[in-house]
Amino acid sequence: MAPTGPRASRQQTTQRSATRPTRGGGITKNRVRVKTDRDGDIAMDSPAAGATNGAERGGSRGRGRASRASARGSTRVSTRLAQLDRANPNRVTLKVLGLRESKAAGNPDKGRRALIEFLEKKASKSKRIIIGRSVLDGEYLWISINKDDAADVLRLSGYAFAGSNLYITETEEKMPGRDTEDISKEAQETKQKLLSVLARRYNPEQRLLDLSALGADEVLSTMGTFDSQTLAEKAFKVLVHIASAQYKTDQEKAEAIQAVSLARNDINDVAQVFSLALSLPDLKQLDLTGNKLDTTSKLNKWQLRFKNLAELHLTGNPVTVQENYVTEMLQWFPALQILDGRQVRTPEEAAAALKALEPSPIAQFPSNIRDGENNVAAAFLQAFFPMFDTDRARLAAEFYDGDTWFSLAAIPDSGRNLPWKSYMKYSRNIQAVGARTPAMVQRLFTNGTVIADLWKALPPTRHAPMDEPGRWLVDCHTFPHLADPSGQAATAMGLMINVHGQFDEADPSTNIFGTRTFTRTFILGPSKPSTPPPAHPYRVLSDQLTLHKWVEAPKSETNATPLTISTPAVVNTPAVVGVAGIPNDAVKAQLIEQLSKRTGMTAQYSRLCLEGAANWNFAIALQSFEEQKSNLPPEAFVAAV
Amino acid sequence: MSETSIRAASEAAKNFIEPFYAAINDGRPIAPFYINTSALYTQAGHPPADLTINGLVMATPEDFEALLARQRPIPAQGGGPNSRPKTARYEVEAWDVHVINADYRFGAPSALLVPDPTKPDHGASLRQMLMVTVSGTLHLGDDDKLKQHFNDVFILVPNWDVLVKYGAKGHKRVLVQSQTYRAY
């Protein structure tokens with residue numbers, strides 16, 4: 001975008017750049033700051049509350065209704081300004097020490113921008129981290145950041161930045177109000193003007209923010225020399241930001257602004273006003289009448305963005321005569337009922353379209369035990385975990401041999417207090433260490449004796465008993481074509497066992513106790529012939545342990561039946577642990593479909609069976625079907641074809 | 001076990017995992033990753049791939065595809081992959097691989113059973129049966145409305161059709177013989 005900011009803004013920018021150089025020019029830059037700054041920097045930096053009240057006391061400037069609206073808007077502004085300063089529960093404040101000693105301290109902005117970019121870039125490889133408000137206060141840089149991202153940034157404590165070591169701490173202290181340098185008078189005036197524009201354009205009765213024909217706005221056009229389109233675009237961004245900053249919560253904002261008009265703004269691609277979707281995602285009515293949108297692709301950016309949009313006006317845009325226009329609008333705006341004044345969906349149809357967008361997790365079924373006829377899996381697991389807790393050397397000697405492979409992979413969960421140090425140096429998480437690195441090779445343990453040594457170095461654990469309900473989820477099945485160690489057959493059958501569970505851990509070096517969730521996968525194969533004969537007919541060929549982010553499940557699995565050695569393992573029958581609480585509709589539909597497939601009952605009877613005493617527990621429903629099937633009427637079953 | 005074969009396993013797993021989850025995330029078919037698509041295996045009498053999804057056995061990879069499709073209620077169409085908010089995204093955070101049979105021979109063309117000095121490890125590391133575990137986060141709904149932990153266990157076998165043309169690019173070097181999936 002061309003750096004053609006209005007004079008007032010430019011001065012504001014120049015002044016700002018003393019503390020934080022920005023990337024573009026004019027208002028646009030301001031927008032860059034504004035957008036990343038969810039705390040509403042503009043509002044907080046400015047001592048505008050006083051000025052606003054002053055304006056209110058000054059009374060009517062003789063513009064009748066408009067100025068009353070202005071006064072009302074302004075009062076609201078002053079209250080909001082105070083509220084905005086309060087802590088947002090989703091944000092945390094961090095203090096970063098070390099900037100002053102870094103080489104970047106010599107930059108015009110004392111290195112602030114460079115440090116923020118460094119933190120944003122280095123904090124996480126997998127997600128984008130955006131630092132919000134930041135304040136330079138003496139030797140500390142204060143930053144505000146999403147709670148979820150805080151751990152990633154805190155991890156950088158101790159890292160070197162431009163020749164200086166950073167020290168980052170989380171703090172409960174309140175962030176200093178502003179930088180040492182104050183916001184300029186011109187900037188305040190610009191803001192006041194914009195607030196007055198906003199107040200004049202907000203209709204509280206209709207909850208309508210009227211941003212139509214911004215290019216022709218008298219006040220806005222005095223603020224700079226734009227052609228109408230650029231003005232509209234830039235003014236739009238600032239106005240939408242300021243407007244949304246007036247409300248404490250998203251809910252309050254959604255309540256107050258339900259309709260927006262962007263009519264007659266020469267918009268030829270909604271990309272120009274995309275941020276509306278971020279600022280006001282809950283809009284119910286949107287008016288784009290009289291713009292220059294010529295194809296649906298020019299609305300592409302807003303696909304599925306406004307989930308509650310019931311009414312959309314595009315009259316006067318060339319796009320309305322496109323062939324696929326209505327179809328695409330219906331698809332992109334699931335709640336849409338009225339398009340250009342015509343009803344295109346009933347409220348019921350809109351509700352259904354909206355519902356189809358809800359996340360639909362795959363239904364959770366109980367443990368699936370298909371370990372052949374001898375209960376090998378249950379017997380092995382019941383021996384394995386207690387022995388892992390009490391006598392790892394013996395465990396390795398009994399089940400592991402010279403060809404067994406073991407490795408562990410850790411996904412540290414910085415949100416929890418348990419240390420990961422004991423695991424990280426052995427972690428063969430190839431996603432993290434790299435597929436071609438020496439660590440990938442070194443962290444693989446390919447011999448029972450070596451594995452037993454490694455296990456000595458791991459913290460002591462205590463796994464829940466296998467028969468404790470709801471603590472375990474086990475899937476296993478046999479598979480063909482392992483090597484036969486006896487050499488008698490070409491191949492041998494193997495058994496894959498995948499276990500999800502939790503263990504308590506006590507780390508003696510740190511004296512920290514806690515619970516971890518893990519997944520452990522074994523491949524069992526026949527034992528090698530030996531003298532004396534092997535302790536068990538099978539041995540562990542492969543053992544992969546994953547320590548992952550803390551998740552409540554599978555503990556949350558309710559209605560569980562314990563995994564016991566006496567549990568008959570029947571092929572293709574989920575035999576053991578129960579399903580999760582009450583599933584949502586999508587999951588229910590899957591359960592109904594599966595039960596119907598399994599039993600031959602109609603969908604209606606399958607639902608009845610699941611709804612009743614089974615309470616959506618698939619295993620119980622199946623069991624009660626078996627008990628009741630002779631009593632069921634013929635219409636309960638799908639007619640044979 | 002030689003380092004060459006450990007490295008070969010790691011390479012093969014990586015070359016499977018990345019395209020597999022990319023296909024799921026982009027809503028492309030995943031059935032071609034499974035052993036069911038190999039005429040060679042099918043004719044040699046290999047059973048179809050064993051899929052257990054959240055404890056439920058699937059008859060075919062297409063059944064699993066159908067479940068995945070329900071996680072993405074609106075089919076991606078038009079525009080690039082970033083043109084619309086994603087409704088289901090599998091983010092891999094950890095994986096590991098072990099060789100569970102270093103000399104897998106089922107259905108192998110005889111040419112691949114003869115040591116070949118022109119290939120790494122004389123071609124032996126092409127005949128690996130692998131166990132791969134993958135964990136990560138499943139992001140469901142816009143704005144991560146629902147996050148689940150997911151874990152996948154795969155047993156992979158060599159795709160002989162591709163291996164006989166050693167060096168052929170853009171083909172699946174391994175096929176899924178078994179998949180055990182849980183997301184919670």
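Trainee: Is the crossing of H16(A) past H20(A) left-handed or right-handed?

Mentor: The model is predicted: local features need pLDDT of at least 70, side-chain atom pairs count only at pLDDT 80 or more, and totals for chains, interfaces and linings use all residues. Residues count from 1 along each chain as its sequence is written, chains are lettered from A and ligands numbered from 1 in the order written, and side-chain values use heavy atoms, leaving out hydrogens and water. A crossing is left-handed if the near helix is turned anticlockwise from the far one by less than a right angle, right-handed if clockwise. For H16(A) passing H20(A), the crossing is right-handed.

Trainee: How are H16(A) and H20(A) oriented to each other?

Mentor: Helices are DSSP runs (H or I, at least four residues), numbered from the N terminus. Helix H16 (residues 392-399) of chain A packs on helix H20 (residues 448-457) of chain A at about 160 degrees, axes 9 Å apart. Axes are lines fitted to C-alpha atoms over the stretch in contact (heavy atoms within 4.5 Å), with angles from 0 to 180 degrees between N-to-C directions. Over 145 degrees counts as roughly antiparallel, so H16(A) and H20(A) are roughly antiparallel.

Trainee: Is B:Gln177 buried or exposed?

Mentor: B:Gln177 touches residues of both chains, including A:Phe479, A:His481, B:Ile35 and B:Met129. Buried means under 20% relative accessible area (1.4 Å probe, protein chains only). At 2%, B:Gln177 is therefore buried.

Trainee: Which residue's backbone oxygen does the side chain of B:Gln177 reach?

Mentor: B:Gln177 also touches A:Pro480. At 3.5 Å, its side chain reaches the backbone oxygen of A:Pro480.

Definitions and conventions: Buried < 20%, exposed > 50% of the residue type's maximum accessible area, 1.4 Å probe, protein only. Polar contact = N/O pair within 3.5 Å; in protein donor to acceptor, adjacent residues only side chain to side chain. Helix = DSSP H or I, 4+ residues; strand = E, 2+ residues; numbered from the N terminus. Parallel < 35°, antiparallel > 145°, perpendicular 65-115°, else oblique. Lists of a residue's contacts leave out its neighbours within four places in sequence.
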